[in-house]
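Subject: Handover of the model

Dear colleague,

Please find below the structure that I am handing over to you, followed by an account of what was found in it.

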Amino acid sequence: MSGPDGDVSPSPAPTPAAPPVRGLTAQARALAAGEVTSRALTEQALARIDATQATLNAFRLVRREAALAEADAADVRLAAGERAPLLGVPVAIKDDTDLAGEPTAFGCAGDFTRKTADAEAVRRLRAAGAVIVGKTNTPELGQWPFTEGPAFGDTRNPWDLAYTPGGSSGGSAAAVSAGLVGGALGSDGAGSVRIPSAWTHLVGIKPQRGRISSWPDPEAFHGITVHGTLARTVADAALLLQAASGSTAGDLHRPPPVDVVAAAAREPERLRIALSFRMPFTATPKILDPVVRGRVTALAERLAALGHEVVEADPAYGPIGLTFVPRATAGVRAWTRRVPDPALLDPRTRGVARTGRVLGGPALRLARAAEEPLRRRVGALFRRYDVVLAPTTATAPPRIGDLATLSGWQTDRTMIGHCPYAWPWNVLGWPGVNVPAGFTESGLPLGAQLLGPAGSEPLLVSLAAQLEADQRWYERWPEAAEQSAEHAAGQTADPVAEQAVPEPPEPIV
């Protein structure tokens, strides 16, 4: 297959030597084998964060003393023979997630009260042994596919500092793409894990609604937002997802558990894959960049070469956009009541909150009631196909500042033009996985989505892992990652940390 532009040739990309950091899976194995200490890995992560904070600006908050104390405690447990999936491994979380002793500012300015308890997702990461090194930047209340704001500045893309890493999990994406940490937690309300993953050359998993608990909220943004994971490999993203997954008594959504770690090591059967370029109706202008089409088409051709049946077919989205807006705007309005000083909010945020007040009654109830009919409508495609392959975004990432001075309406139109593909799966509550799809001619990353019905994370992860073994995208690193690693290595005195070099995952095919 080829797109109408005919562009399916391999895309250029920088291929510098990878920085001295292993992925989550390799770190966990090295720690369990006694080849490295948690303190060494954590010191190295903190040094990389320090070396890049002035340029990448990935973190809102860094827990130096607390993280080192957690690492020392993990080393004691490891020495005593204790084992856990992430015991001693440094990770990051997004600053929309509660961490005991720290504020949850969610991209906003103001003096936020420190939280007294961990979110359930963080509690589970701690139970798995993870060391939380800090909280990553996000735009104000996670609204935009760029990570900029007066509260924290501009978070930049490691592949080109003039461009955004995307949003709203932009800080997590920048941190993982640059090798500051091996994996990070994000959240996805309209593509906020998948979009920055696409624009920073990462694997990003948006799981089934409720797969990772939203507690202390029974659900997030009226059900459209879920926690997800960002990593350089499918195995690492799956490991972090499995560690964070699980429900608690207060959750409204409690899907049965799945084993995504096992799925990442398993080759899928021959699948029927629907290649879709259709954009849901939004009454705003949208154009798919021919380069994006070409890269996604090239992935479709590789999937066909791997033995899958790939056919162009589109989901019947119908009026799905009408059900998204009330849930999103009412969710923003609810969050604005948590900020210490609403006067510090972006005028666009205040405008969205006003819309949320209008749509937060009957319109919101109708939007929620429409979800099940929409699932049946869109889900009809899965009677014929197992997976949908679609672009994650319609364009490459925009430049830093391109959307900063726009009005609310202009911002909405522009971000929908860049990102029209991801948000329908948030309305449906179904899983999706971004995979790297190549680069533009100037070396900016692009991505593609693997989308499935309820509970299909194992299938999507297995397919993504097979594609990863074929494409080996984890071998490519941005120059900023190499430079930060060299700087961090110069600051790290522990020779054990020097052993933490990247190792490619074992191929599954």
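A316 lies in the loop between β10 and α10, and in this predicted model A316 counts as partly exposed because its relative accessibility is 30%. Leaving aside residues up to four places away in sequence, A316 touches R278, R377 and V378. P280 is 36 residues from A316 along the chain, yet the two C-alpha atoms are 8.6 Å apart in space.

S276, which sits in the loop between β9 and α9, is buried, because its relative accessibility is 1%, under the 20% cut-off. Its neighbours, again without those up to four places away in sequence, are A313, D314, P315, V388, L389, A390 and P391. With D314 there is also a polar contact from side chain to side chain, at 2.7 Å.

V296 belongs to the buried residues of helix α9, which are V292, G294, R295, V296, T297, L299, A300 and L303. The helix comprises 16 residues, 290-305, and spans 22 Å from its first C-alpha to its last, close to the 22 Å expected at 1.5 Å a residue. An α-helix has 3.6 residues a turn, so residues three or four places apart point the same way. At the start of α9, the backbone nitrogen of V291 has a side-chain oxygen of D289 within 2.8 Å, while just after the helix G307 adopts a positive phi of about 110°.

Helix α10, residues 320-336, contains T329, which counts as buried because its relative accessibility is 9%. Apart from residues up to four places away in sequence, T329 is in contact with V352, T355, G356 and L359.

Helix α7 (residues 234-244) is largely enclosed by the rest of the structure, because 9 of its 11 residues are buried. Those buried residues are V234, D236, A237, A238, L239, L240, L241, A243 and A244. Just after α7, G246 takes a positive phi, here of about 130°.

Some backbone geometry deserves a separate paragraph. Most residues other than glycine have a negative phi, and most peptide bonds are trans. F106, although not a glycine, has a positive phi of about 50°; F106 is located in the loop between β2 (90-94) and α4 (120-127) and is buried, because its relative accessibility is 4%. L141 is likewise a residue other than glycine with a positive phi, near 55°. The place of L141 is the loop between β3 (131-136) and β4 (148-149), and L141 counts as buried because its relative accessibility is 2%. Between G167 and S168 the peptide bond is cis, with an omega of about 10°, and S168 lies in the loop that runs between β5 (153-154) and α5 (170-177).

How many cavities of 30 Å³ or more does the protein hold? The count comes to 2, and the largest cavity has about 90 Å³ of space. Its lining consists of 14 residues, among which R209, G210, I212, S214 and H253 lie nearest the centre of the cavity.

As for the protein overall, there are 17 helices and 13 strands, and buried residues make up 59% of the 509 residues. Of the contacts between residues at least 6 apart in sequence, 80% join residues that are at least 24 apart. The accessible surface comes to about 18100 Å², and carbon and sulfur atoms account for 54% of that surface.

With best regards

Notes: Residues numbered from 1 in each chain as written. Predicted model: local features only at pLDDT ≥ 70, side-chain atom pairs only at ≥ 80, totals over all residues. Heavy atoms only, no water. Helix = DSSP H or I, 4+ residues; strand = E, 2+ residues; numbered from the N terminus. Buried < 20%, exposed > 50% of the residue type's maximum accessible area, 1.4 Å probe, protein only. Contact = heavy atoms within 4.5 Å. Expected span 1.5 Å × (residues − 1). Polar contact = N/O pair within 3.5 Å; in protein donor to acceptor, adjacent residues only side chain to side chain. Areas by Shrake-Rupley, 256 points an atom, 1.4 Å probe, with all protein chains shown as cover. 1 Å grid on protein atoms, 1.4 Å probe; cavity = no way out; pocket = protein on both sides within 12 Å on 5 of 7 lines; lining within 4 Å. Points joined across faces, edges and corners; volume = space filled by probe spheres on them.
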